[in-house]
Amino acid sequence: MTMTHVVYDITGCPGLDQLSGDELIDAMRQTAHRLGCTPRTSLIDPFEPFGHTCVLVLSESHITVSTWPESGLAHVDVFTCRAQVEPGEAIGPLLRLLGGQIANTRQVPRLPPDNALHAAQAGEAIR
C-alpha cells in the first residue's frame with residue numbers, strides 16, 4: 001500500500017470571498033475522481049465575514065481546503081492510500097476554481113499500515 005500525502009500553499013487567489021463552500025466541495029470531488037478515489041461525505045465550515053474550511057472524506061482518506069480571502073491564500077491537503085495519478089496532476093479543478101498559483105508543495109512521508117504493524121511487532125519505535 002502506498003500512502004500519498006501532499007500539501008499545497010496556493011497564493012494569489014482572487015475572489016475567494018465570492019466562492020461558496022459548495023463550489024469548493026465540487027472541485028474537491030472532481031479532484032478525488034481524478035485521483036481514482038471515492039468520496040464518502042463532506043463538511044463545509046464557513047467563516048465570517050468570509051472564508052471556508054472544507055473537508056471531503058474519501059474511502060481512501062481525505063482532501064481538505066482552507067481559504068483566507070483577505071490574503072488570497074488557500075491551503076490544500078491531499079492524503080490517500082490509493083491514488084491512480086499524482087495529486088499535482090489531479091488538483092487541476094481546485095487550481096482553476098481558486099485561480100492562484102502553487103507557491104509551496106510539501107510531500108509528507110507517511111508510514112503505511114502494514115509497515116506500522118511489522119515495526120510494532122518487531123518492537124521498533126514508530127515516530
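Which residues have the most contacts inside the largest nonpolar core? In this predicted model, that core has 25 residues, and those with the most contacts inside it are Tyr8, Ile10, Met28, Ile63, Val76, Val78 and Leu98. Two or more residues are given to this core by each of strand 1, helix 1 (21-35), strand 3 (52-58), strand 4, strand 5 and helix 3 (92-98). Helix 1 provides the largest share, 6 residues. In soluble globular proteins, nonpolar side chains tend to be buried together.

Strand 5 pairs with strand 1 (residues 4-11) in the antiparallel sense over 7 bridges. In this pairing, Val6 is placed opposite Val78 of strand 5. Strand 5 also pairs with strand 4 (residues 61-68), again in the antiparallel sense, over 8 bridges. Here Ser66 is the residue opposite His75 of strand 5. The hairpin formed by strand 4 and strand 5 has 4 residues between the strands, and within the hairpin Gly72 adopts a positive phi near 65°.

Val78 is listed among the core residues with the most contacts. With neighbours within four places in sequence left aside, Val78 is in contact with Thr4, His5, Val6, Tyr8, Leu35, His62, Ile63, Pro87 and Ile91. Of these partners, Tyr8 and Ile63 are also named among the core residues with the most contacts.

Two histidines were examined individually. His5 belongs to strand 1. Its relative accessible area is 8%, so His5 is classed as buried, the cut-off being under 20%. A polar contact of 2.9 Å joins the side chain of His5 to the side chain of Asp77. When residues up to four places away in sequence are not counted, His5 touches Asp77, Val78, Phe79, Arg106, Gln107, Val108 and Arg110.

His52 belongs to strand 3. At 10% relative accessibility, His52 likewise counts as buried. A polar atom of the His52 side chain lies 3.3 Å from the backbone nitrogen of Gly21. Not counting residues up to four places away in sequence, the residues touched by His52 are Leu19, Ser20, Gly21, Leu24, Ile44, Asp45, Pro46, Phe47, Val65, Ser66 and Thr67. One of these, Ser66, is the residue that stands opposite His75 in strand 5.

Note on methods:
Residues are numbered from 1 along each chain as its sequence is written. This is a predicted model: local features need pLDDT of at least 70, side-chain atom pairs count only at pLDDT 80 or more; totals for chains, interfaces and linings use all residues. Side-chain values use heavy atoms; hydrogens and water are left out. Two strands pair if DSSP finds at least two bridges between them. A nonpolar core is a set of buried Ala, Val, Leu, Ile, Met, Phe, Trp, Tyr and Cys residues joined through side-chain atoms within 4.5 Å. Buried means under 20% relative accessible area, exposed over 50%, partly exposed in between (1.4 Å probe, protein chains only). Contact means heavy atoms within 4.5 Å. A polar contact is a pair of N or O atoms within 3.5 Å; within protein, one must be able to donate a hydrogen and the other to accept it, and residues adjacent in sequence count only if both atoms are side-chain atoms.
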